[in-house]
Amino acid sequence: MPKNECYNIECYQKGVMIIMNKSSTRTIVATGLGAALFMVLFMFVKVPSPVPETNLQIAYGVSAFFAALFGPVCGFLVAFIGHALNDFIAYGSPWWSWIVASGVSALVTGLASSKIAPSIEEGVFEKPQITTFVIYTLIGQAVAWIICAPVLDIVLYSEPVNLVFTQGAVAFVLDFICAGIIGGLLLKAYASGRTGKGSLSKNG
């Protein structure tokens, strides 16, 4: 193989590694920031519902935002870590069924990232991207609160079946509203202010 071709291949490989390292670092930073924001909002910014232990949580808009931009792993960790820290600080012990459900809701939303994040990074968050975001958010919240949380409540804590599925249904509606509206507004604001330079993004 000619020396020039070898040099070009080496340069390409080094360039790819640099991009991957930058992306990984930014995703780690985003995960830490997102988890901290989620915890604070989950702890202090909530509206109680008529169903016990079920609130309107603005924090799910934050986890949906980070999931849509940085992918399912980041989204899961933002919600999982943020919710777990809230439980440890506020109650002294975690309620793992709902912590896992929080992570699952953001994980599924994050599956939309590969479809919408590149457009958002270019300043575009219009009807196609919004529709995709809302659909994945709806599926994520449904899986988390109608299936995951109630089932784990029964398996781990032997909670009453009627109660946990009622809580799950209410949580699904409330959290979908927060994730869809708040997350969508945050993504719209991010896309509108996207300059392509020096911002915290997956693609740099």
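Here we go through the labels one by one.

Tutor: Keep in mind that this is a predicted model, in which local features need pLDDT of at least 70 and side-chain atom pairs count only at pLDDT 80 or more, while totals for chains, interfaces and linings use all residues. Residues are numbered from 1 along each chain as its sequence is written, and side-chain values use heavy atoms, with hydrogens and water left out.

Student: How many helices and strands does the chain have?

Tutor: Seven helices and two strands. Helices (H or I, at least four residues) and strands (E, at least two) are DSSP runs, numbered from the N terminus. Along the sequence the pattern reads α-β-β-α-α-α-α-α-α.

Student: What makes C74 count as buried?

Tutor: Buried means under 20% relative accessible area, exposed over 50%, and partly exposed in between (1.4 Å probe, protein chains only). C74 has 2% relative accessibility, so it counts as buried. You'll find C74 in helix α3, residues 72–91. Leaving aside neighbours within four places in sequence, C74 is in contact with T27, A30, T31 and F66, where contact means heavy atoms within 4.5 Å.

Student: Why does S158 count as exposed?

Tutor: S158 has 63% relative accessibility, so it is over the 50% mark and counts as exposed. S158 lies in the loop between α6 and α7.

Student: What is the phi of S158?

Tutor: Positive, about 55°, although S158 is not a glycine. Most residues other than glycine have a negative phi. G123, which follows α5, also has a positive phi, near 90°.

Student: Why are α6 and α7 called roughly antiparallel?

Tutor: Angles run from 0 to 180 degrees between N-to-C directions, and axes are lines fitted to C-alpha atoms, for helices over the stretch in contact. Under 35 degrees counts as roughly parallel, over 145 as roughly antiparallel, 65 to 115 as roughly perpendicular, and the rest as oblique. Helix α6 (residues 127–157) and helix α7 (residues 161–192) pack at about 155°, with axes 8 Å apart. That angle makes α6 roughly antiparallel to α7. By class, their contact has 17 nonpolar, seven polar and two charged residues. For those classes, Ala, Val, Leu, Ile, Met, Phe, Trp, Tyr, Cys and Pro count as nonpolar, Asp, Glu, Lys and Arg as charged, and the others, Gly among them, as polar.

Student: What makes α2 and α5 roughly perpendicular?

Tutor: They pack at an angle of about 90°, with axes 7 Å apart. The angle falls in the 65 to 115 range, so α2 and α5 are roughly perpendicular to each other. A67, A68, L69 and F70 in α2 meet S113, I116, A117, I120 and E121 in α5. Those residues divide into seven nonpolar, one polar and one charged.

Student: Which residues of α5 are buried?

Tutor: S113, I116, A117, S119, I120 and E121. They pack against α2, α4, α6 and α7.

Student: Which residues touch the most other members of the largest nonpolar core?

Tutor: A nonpolar core is a set of buried Ala, Val, Leu, Ile, Met, Phe, Trp, Tyr and Cys residues joined through side-chain atoms within 4.5 Å. The largest one has 36 residues, and F38, F66, L69, I120, F133, W145 and L187 touch the most other members. At least two residues come from each of α1 (3–44), α2 (59–70), α3, α4 (96–110), α5 (113–121), α6 and α7. The most come from α2, which gives 10. As for F133, its contacts beyond four places in sequence include A64, I116, G183 and L187.

Student: What share of the contacts is between residues 24 or more positions apart?

Tutor: Such pairs account for 74% of the contacts in the chain with a separation of 6 or more.
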